[in-house]
Amino acid sequence: MNGVPMEHGLVLAATLFALGLCGLMFRRNMIFVLMSLEIMLNAAGLAFIVAGTGWQQPQGQVMFLLVITLAAAEASVGLALLIQLYHRFKTLNIDVASRMRG
Amino acid sequence: MMEPLTTFLTTLSTAQATAALLPLTFLLPLAGTLILAFSRGTLSYRLSALVGVGSVGLAAVATLLLALGFAADAAPQTVTLWTWIAVGDFTPRISLALDGLSLTMLGVITGVGFLIHLFAAWYMRGEAGITRFYTYMNLFVFSMILLVLGDNLLLLFLGWEGVGLCSYLLISYYYQHSANGWAGFKAFIITRIGDVFLAIGMFLLFSRLGTLNITEILELAPKAWQAGDTTVELAAFLLLGGALGKSAQLPLHTWLADAMAGPTPVSALIHAATMVTAGVYLIARMHGIFELAPLALYTTGLIGALTLLMAGFAALAQTDIKRVLAYSTMSQIGYMFLALGVGAYDTAIFHLMTHAFFKALLFLSAGAVIVSCHHEQDMRNLGGLWRKLPLAYMGFVVGGAALAALPLVSAGFYSKDEILWQALAADQQGLLIAGLIGALLTSLYTLRLIIGTFHGTAKSANARHAEAGRGFAHGLPLVVLAVLSTFLGAWITPPLSGVLPAGPGDGVTAGHGAVELIAAAVALSGMALAVWLFGLKRGWLRLADHGMGAGLWQLWHHAWGFDMLYDWTLVRPYRGLVALLKSDVVEGVFRLLAKLVRLVHLGLSRTQTGKLRGYAVTMVVGATLILLSLALVI
């Protein structure tokens, strides 16, 4: 990876992470919440790749593989929860599922 | 034909076969408990009953094979599974000892236990929580088997506490009524008093002899102490204290009558056939200690005699059929203690076995009556049932005959007559007379129970509309136990000769016939008197209505007022003390602490809004703050 400086890659990753975090905090629709989570995971993965390439180390790619595996598992569990949520409440609004208060 | 059979028996008697079969007897009920406990109520009634009954049934089969092997070669064997704890020289092992005594107990536990489990499948149908019921019942069988098989006192104590726990759980089985819960508490607390004595006795033996292994204790004790030594007397008295609590003898007997709050099969299994006789087993097992402690042994016999009289009178004035049986159980265990007290350990175990047969039969028949009469168990509301419930009537007559020691045809005659004979042979005329008076009382209350329940006219709608039980699970246990309660059951001779010392009357014949004749005459005249009192003239009713008769009836109905005595001397002062201590300064500090915690809890629980986004924001803010503070520090 010549040409693109490492800072640029890291700024992109940070931006993606911030976007995902905002989506996680402010979105009501659970599909978008899950997508935001995916974006955050991928931002972290990107940071690993960029750092790994910048420092000429293989560990960055190894970590990325771990991150996608994790993301796949997370997505399957998250989607199962989403389907349950829809079954119970007939809506995808997560604010409705607030029975565990106090 | 004979050749393969002999080979099979020889194979069974080998050490390998014993090592394989002996653990099975308690692992199978344990497996049943675990399956039922982890099914979390997903099993159907039929499946729960199948697991519960089947596990004990298989344990009974294993016991039968062990008994066959033991009959071929009666050498005691020890199977060590693993070392339980290893602290320096103290290494109690999970180790099972098979000898004539433990085999007899094992046979009673799994054999009678299986029949009772089977009967319970009929008795409990239509009741909620059958899985819970069988979980506890299997756990009980497991603990009881550990109690009798353990080759050291620590393992015995584990089983001892396990059966106490199961007793508590099953007495308060119908937990919706608080009275049942209190009955469970009472049983648990009173038996715990005895257990503390037993534990201290164990500590004493360990501190003096350095081992808890029963065989080693029995070997070392005569070398360490002379007969009548204070230490060994103390140890024997402590063991006796444990036995008194478990076996409901004076003065720790008050829990047994209230323990009838549990389902009737529980009363049959735990509070008649097996657990309450654990005290008898303990004393017989530790006979070497008691042989060295003549005073403790004499006290054992004396307490037995007093209990059998006290409970016999109390049984005369009960109206609940299960309470009659409960007091008669106390009384019969009193006979066993009497036999122990004169040194006739084998006779005590023989009576334990026949008592397990006929008392289980009586309780199961009572269960059949109770279910058939729509849960009516007060004699004053029953009557005239003999035509409607022939099988239960048969059970009561056969079991009652054995209880009242009907000469020649009943199992109880042979064992009780043997106890009276041993008392005479030991030259304890006082105990003999107490036993004879007890025999008269037994005849009286047994006949009163049968006449009141089955004869005369039906005294309530429930009794008039009695429906006889049907089916295999109802009939088979009653018939088998009835057969065992006749003289056929008395033919089963427990193989105790190598384990327990011979009683004073063993091998002596002079005067035996006379005792038999007197015992038979007392039993028969008691029955005749009972028929006259309760059946023909109903003179008893007039006697109990007026003056001194009414006073005595009240006294006996409340079992000589022990409950009231304990209430006034122990429970009330304790509660007063507790009430006094409730409002002191230290308590105030703790209350303040509790209030503070509660306040913080209320504040924190406000933050639990249930909104996922709120949590995400909090998390992000928190993470940011931590990162910022880290950045500032670095």
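Predicted model: local features only at pLDDT ≥ 70, side-chain atom pairs only at ≥ 80, totals over all residues.
Select B:R323, which counts as partly exposed because its relative accessibility is 23%.

Residues are numbered from 1 along each chain as its sequence is written, chains are lettered from A and ligands numbered from 1 in the order in which they are written, and side-chain values use heavy atoms, with hydrogens and water left out.

**Salt bridges in chain B**

B:R323 and B:D258 form a salt bridge, with 3.6 Å between the closest N and O atoms. The two ends belong to distant parts of the chain, 65 residues apart: B:R323 sits in helix α15 and B:D258 in helix α10, both of chain B. A salt bridge is counted when a side-chain nitrogen of Lys or Arg is within 4 Å of a carboxyl oxygen of Asp or Glu. Side chains of opposite charge can pair when their charged atoms come close. Helices are DSSP runs (H or I, at least four residues), strands are runs of E with at least two, and both are numbered from the N terminus.

Next, select B:K186. Its side chain meets that of B:D258 in a salt bridge of 2.5 Å, N to O. This pair also links distant parts of the chain, 72 residues apart, since B:K186 is in helix α7 (residues 178-209) of chain B and B:D258 in helix α10 of chain B. B:D258 has 22% relative accessibility, so it counts as partly exposed.

Move to B:R572 and B:D567. Their closest N and O atoms are 3.0 Å apart, and they form a salt bridge. B:R572 counts as partly exposed because its relative accessibility is 42%; at 26%, B:D567 counts as partly exposed too. Now select B:K186, B:D258, B:R323 and B:D563 together: salt bridges with shared partners join them into one network. Over all chains, the whole structure has 12 salt bridges.

**B:S331 in helix α15**

Select B:S331, in helix α15 of chain B. Is B:S331 buried or exposed? With 1% relative accessibility, B:S331 counts as buried. A polar atom of its side chain lies 3.3 Å from the backbone oxygen of B:L308. Neighbours within four places in sequence aside, B:S331 is in contact (heavy atoms within 4.5 Å) with B:T307, B:L308, B:A311, B:G312 and B:Y445.

**Helix α11 of chain B**

Select residues 264-273 of chain B, which make up helix α11; 10 of its 10 residues are buried. Among them are B:T264, B:P265, B:H271 and B:A273.

**Where the chains meet**

Show chain A as well. The contact between the chains involves 13 residues of chain A and 11 residues of chain B. Together the chains bury about 1000 Å², 63% of it on carbon and sulfur atoms; buried area is the accessible area (1.4 Å probe) that two parts lose on being put together, summed over both. One salt bridge crosses the interface of chain B and chain A. Select B:R613 and A:D95 to see a salt bridge of 2.7 Å, N to O, between their side chains. On the side of chain B that touches chain A, helix α28 (residues 612-633) of chain B gives the most, with six residues.

Finally, hide chain B. Chain A has three helices and zero strands. Its C-alpha trace spans about 50 × 25 × 25 Å along the principal axes. The radius of gyration of chain A is 17 Å, while a compact globule of 102 residues would have one near 13 Å; the value is taken over C-alpha atoms, and the globule rule is 2.2 Å times the number of residues to the power 0.38. Of the 102 residues of chain A, 25% count as buried.

Key: Buried < 20%, exposed > 50% of the residue type's maximum accessible area, 1.4 Å probe, protein only. Polar contact = N/O pair within 3.5 Å; in protein donor to acceptor, adjacent residues only side chain to side chain.
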